[in-house]
Amino acid sequence: LTFPLLSVTLLVSFGSSMLYGYNLAVVNSPAEHIKAFYNATWSQRYGHGLAHGPLTLLYALTVSIFALGGLVGSLLVGMLVERYGRNGALSRSALLVLLAGGFMGFSRELGSPEMVIIGRSITGLHSGGCCLGCAQPLPHGSGSYSRFQGMEKASYSPKALFFICLGVFSAQVLGLPELLGEDRFWPLFLSMVVVPASLQLLLLHCFPESPRYLLIERNDVSGATKALHRFLGTPNVQDVIQEMKEEQQSLSSMEMVSVWQLLRDRSVRWQTLSVVVVNAGMQLSGIDAIWFYTNTIFKNTGIPASQIPYTTVGTGAIEIVAGLIGCFTIERVGRRPLIITGFCAMGVCSAGITVSLLLQAALPWMRYVSVACVVGIIAGFCMGPAGVPFLMTAELFMQSHRPAAYIVGGSLNWFCNFTVGFIFPFLQMSAGAFCYLVFCGVCLLVALYVYLIIPETKNKTFMEISHIFA
């Protein structure tokens, strides 16, 4: 990779994937402080505090509203990229994060829980547009200009998982009591999202627009040539330009399928169902409950309160290692083994948490089994289900169907993220230790579906995969 190519890849990943991971975990550490603020504010306004149920509902909304914002952002991103280009869309999304950081940072000073909720929804809007959208263009073709395509897909591929894990880990570290984990610092902790957004906003203008966008969308051959000179570091880019022109001609003659047409197309029925199952299972596996409510889960397993923040940081470090293993093995091992093994491991560990919680009264050492099971869920997710669904969606469909497939998969991803984030506290209250069996069932059923239905897509053309499904 040339230095400009590497720099823009890291910048986009830092301001999109890493920020997404940070927002997943940032509400975990200050949960009790935020609830206390909500309760105190409610008491000042209405003369009485919130009961446990309404307070849980308000906090669950604060946690999960991030995913609703992400759903809206993922649906709007195509329009933004088409109108402003990738860099323009990223810059506008970064401005949204600055606004969200202001809302959350001044919420306590102004006595407004609504500002926290609005700020969380805006950060979700940014993540929906950046993490799964303008920062990660839809895969296209398989031309020989792999160096440029590598940059285009860098933040879309499973390698983005490393930055997501890094974002989760950074939120866990900053949430330690020695740093921003105290009650007086939680607004600052939430508003730290402005740091990567500001860095992206300041540096993004130093890099040219995406060459593919300039040539294919804007028909700006001169601009695309200059951008390729900068990114690839070579004066000879005519072969790349020629292949882009061929792709432009191919796309112009291709009729793109709408979401409704995709759902009605019997020729790709099983591929579409596979995208639905895998993307919904990815979020309903329980990983969002782990990220959003790690400290609460450890508290219920009997871990001493003073040890919980450091236990959480330890799981984050293991998560980064597992993410790296997934990145380096996905092309060697294949898609099916990783995703089946990952879901099976998550299912077994979810059942393990239930067993350990039921036995911890008689066997105190079971609390450590619970921690090991949480680590197993995270490791299983990062090594398979985290990155494989996005690659499989690209490989299961031809170019004309791919954008619609990504809309279906992405929308389900965000909606199920919201569902788990909102429902888990109430599921935990009503079902107790048995709530994890729901995630166990989902994981094992998805693993069984992949084993029975989905073929290995590694190194196979669309026609080969379509023939196997048929």
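Biologist: What makes the radius of gyration of the protein chain agree or disagree with that of a compact globule?
Modeller: For 470 residues, a compact globule would have a radius of gyration near 23 Å, and the protein chain has 23 Å, which means that the two values agree. This is a predicted model, and along its principal axes the C-alpha atoms fill a box of roughly 70 × 50 × 40 Å.

Biologist: Why are E114 and R45 called a salt bridge?
Modeller: The rule asks for a side-chain nitrogen of Lys or Arg within 4 Å of a carboxyl oxygen of Asp or Glu; the closest N and O atoms of E114 and R45 are 2.8 Å apart, and therefore the pair qualifies. Since E114 belongs to helix α5 and R45 to helix α3 (residues 31–46), the pair ties together parts that are 69 residues apart in sequence. A search of the whole structure finds 4 salt bridges.

Biologist: How do you know how much area domain 1 and domain 2 bury between them?
Modeller: The size of an interface is often given as the accessible area lost when the parts come together. Here domain 1 and domain 2 bury about 3,700 Å², with 76% of it on carbon and sulfur atoms. The chain is divided into domain 1 (1–207) and domain 2 (257–469), and the contact takes 45 residues from domain 1 and 40 residues from domain 2.

Biologist: What kinds of polar pairing are found between domain 1 and domain 2, and how many of each?
Modeller: The count of salt bridges between domain 1 and domain 2 is 0, whereas 5 residue pairs across the interface are in polar contact, both residues being at pLDDT 80 or more.

Biologist: Which helix gives the most to the side of domain 1 that touches domain 2?
Modeller: That helix is α4, with 17 residues, and the residues of this side of domain 1 divide into 29 nonpolar, 13 polar and 3 charged.

Terms used:
Residues are numbered from 1 along each chain as its sequence is written. Side-chain values use heavy atoms; hydrogens and water are left out. Domain bounds come from an automatic or database domain assignment. Contact means heavy atoms within 4.5 Å. Buried area is the accessible area (1.4 Å probe) that two parts lose on being put together, summed over both. A polar contact is a pair of N or O atoms within 3.5 Å; within protein, one must be able to donate a hydrogen and the other to accept it, and residues adjacent in sequence count only if both atoms are side-chain atoms. Helices (H or I, at least four residues) and strands (E, at least two) are DSSP runs, numbered from the N terminus. Ala, Val, Leu, Ile, Met, Phe, Trp, Tyr, Cys and Pro count as nonpolar, Asp, Glu, Lys and Arg as charged, and the others, Gly among them, as polar. The radius of gyration is taken over C-alpha atoms; the globule rule is 2.2 Å times the number of residues to the power 0.38.
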